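Thanks for coming. I will go through one structure this morning, a helix to begin with and then some contacts.

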Amino acid sequence: MGEVHDGWSPEEGYAAWSDAQLVDAVKASDRGALRELFVRHEPWLATRLARRCADRALVDTAVQDTFLAVWRKPQGWRGEGDVAAWLWGIAVRSLLHQLRPRANVLERLRTLRSHPATSAEEEVLARVEHSDVGVAFAHLSPDLQAVVQATVLDGLTTREAAALLGIPSGTVKSRMSRARTELREALL
Amino acid sequence: MTQTWHADEETLRAWADGSAAPVPAASLEAHLLRCDECRRRVATLAPSASGSDVVRRWDALADRIDRPRSNPLLRLGLATPGLRTAWLASVLLLLTLPVVVSVLDLRLPVFMALAPVAPLAAVALTYGRHAEPAGELALATPTAGLRVVAARAALVAISAVPVGVGVALLLGLPTPVAFGWLLPGAALASLVALAGTTRLDPLVVAASLGSLWAVVVSWPAASRRLPADVVTHLVASAPSQLTALVVALAAIALTIARRDAVAYRRTA
Amino acid sequence: MSTTDTATHTPTGTLLSAAGITKAFGSQTAVDQVDLTLGRGIVGVLGPNGAGKTTLLRILATVLAPDRGTLSLLGLDPAHPTARTEVRRRLGYLPQSPRLYGGFTPLEMVDYVAILKEHTDASQRRREAVTMLEAVGLGDAMHKRIRTLSGGMQQRVALASALVGAPDLLVLDEPATGLDPEQRIALRSVLAETAHRGCVVLSTHNTAEVAALCQQVLVMDRGRICWSGTPAELAGEAEGRVWESDVEEPTALRSWLTGPGTRRHVGTLPDGAAPAVPTVDDGYLLVTRLTR
């Protein structure tokens, strides 16, 4: 939190702080708190972004922009939900921003892997995977999976999903409605 | 938030290297948003997330965070409220004065009386005790004294003078009026700068000089002894302007000669 | 380390010398006929409040001109404007109460002081400011407004500002104000680097600080330097002249309570009393009393 700790040694006590406390400290321009947030969240954010964009340099820039945005506008965090979810929201939009002005978006995008069953041994996740919804989702074509992932799981708008996937907005909409139909048929 | 389950290492690794199937991957991603334990483990697994890599990327980020947002000249000249007030006051005065004069169609040489006060006030305020951000510490630096004061006064002049002249011309004030205040203003400002090398308080000197000038210029017209135009033309006339120039140059030369004595007003 | 040690280690020899420095404010003589010769290392000016420490340090920092006497800083005479500017390029100064503008962040402040010290390369200046702030433990707080920081942290911002530009002469007026004992140790390591290369003069009215920070001590009283030597030598002054008892002693120059009923005395040891192990405190009290 904004409170001043007077130790000469720079890294004091941040490890014990919750993410929310760290963001509050960042609101008070605490550079050490930002560093702690960075150390905690940079790896998984980078990894998750790398699953959506194969260009590591773009991912790194997007992650850097994410934390720069956190530093400059920490009041965007309103204290509701998880800090990690808020960070992801910024990160995925930062990536979009990186992708938007470039021509060869498609080349840079790694399409979602569509080799089910190769790693079916993940027991912990088996419940989800083998649930009705999971099975139905796995049966969608990669195109449709990508649209569902971008809109439902990543929480992007139609236009943002279109930018991320490098397809027109109309296509996102039509694929989404096709996915909805297929899921409904599989589940009913 | 309490978690009922944690992803095993295989699952995390498959997700991190991109080989996980879409459904487990999606499930794990949703889980990661609220499980700091699993996030921590991703950090130890991710191929590019070794400690030194994180340090390097943090350094790159820190480099952007620590970049100062304003340039050195502005920091020198406009950093503190005192300096900003001086700058803003003189620019505003020179911006509004011609407007007031032409809108009210004043007969009095108000513009001539007040415009030179702007640079004078600005110079006086740069001597203020609260004007120096680093306080006494600044006195022991090579730039201390006249150089800092001159830089600040110049910054005000650079922005205020074109505004004053420009607006006056734009509103159709006569050219001699629009330009005629510059040298008297410079003379008054230089006298204040000179006062800064003595034990006198520049603010008091500025206030006295400013009032004196305003009264001398506007009184004859106000008391109807002379028409306003005559006073204005008298100020704008070659001999007056030359006198102002001489006073300004002499005061500047004296200030430079006495630059060792330039001091910020301190209570100490 | 003894005084002669410090001198022999110095290739350039004398970094600071003063002869007959005098400064009066009205009828009050703040600094009276001070002679000084200093080489490399950390020198502490110790004295009671009002002894003239601050005035002497302001003279050494070129902020105040002496009424009489000659001064040589880093081999230059600060009475001459060009030489003074040159001295200031290699000088760091921490005033007694720095009064930094609270609207700046520590980073902006140190960067600003670096501008005043004529550092023109923006990115190099910033790197140096960050390094200095990290050296004084303000890496995490460098973007907070100075007015939101504690007194001790503000003191360290001023310290970092004084240190910027790797000065050869560092004049610090009560640098340990607001620092706790651990931070005082950290301060020592920060100053050690400058002391290795140049001369650090600091003032304090705290004998513990002198013992912790300085290689050499000047004791100042009523405008004059009344004693100089190492902290150990200052303690040694009280050797055999300090003792403890539970009554007031007529032979004591000074006595003070150290615990319930116990008094510590400095002065002429009475017959039969066992001498106590002297501290810098004892030596200081003895020295300032003897000169009165």
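The expected span of a helix is 1.5 Å times one less than its number of residues. Helices here are DSSP runs of H or I with at least four residues, strands are runs of E with at least two, and both are numbered from the N terminus. The model is predicted, so local features need pLDDT of at least 70 and side-chain atom pairs count only at pLDDT 80 or more, while totals for chains, interfaces and linings use all residues. Residues are numbered from 1 along each chain as its sequence is written, and chains are lettered from A and ligands numbered from 1 in the order in which they are written.

Take helix α7 of chain C, residues 181-197. Its 17 residues should span 24 Å at 1.5 Å a residue, and the end C-alpha atoms are 25 Å apart, which agrees. α7(C) does bend, by about 30 degrees at C:Leu191; the bend is the angle between axes fitted to the seven residues ending there and the seven starting there.

C:Leu191 is also one of the buried residues of α7(C), as are C:Leu187 and C:Val190. Buried means 20 or more other C-beta atoms within 10 Å of the residue's own, with C-beta atoms placed from the backbone.

Now chain B. Its secondary structure is 14 helices and zero strands, and 44% of its 268 residues are buried.

How many residues of chain C are in contact with chain B? There are 31, against 21 residues of chain B, where contact means C-beta atoms, placed from the backbone, within 7 Å. On the chain C side, α4(C) gives the largest share, eight residues.

Key: Contact = placed C-beta atoms within 7 Å. Buried ≥ 20, exposed ≤ 12 C-beta atoms within 10 Å, placed from the backbone.
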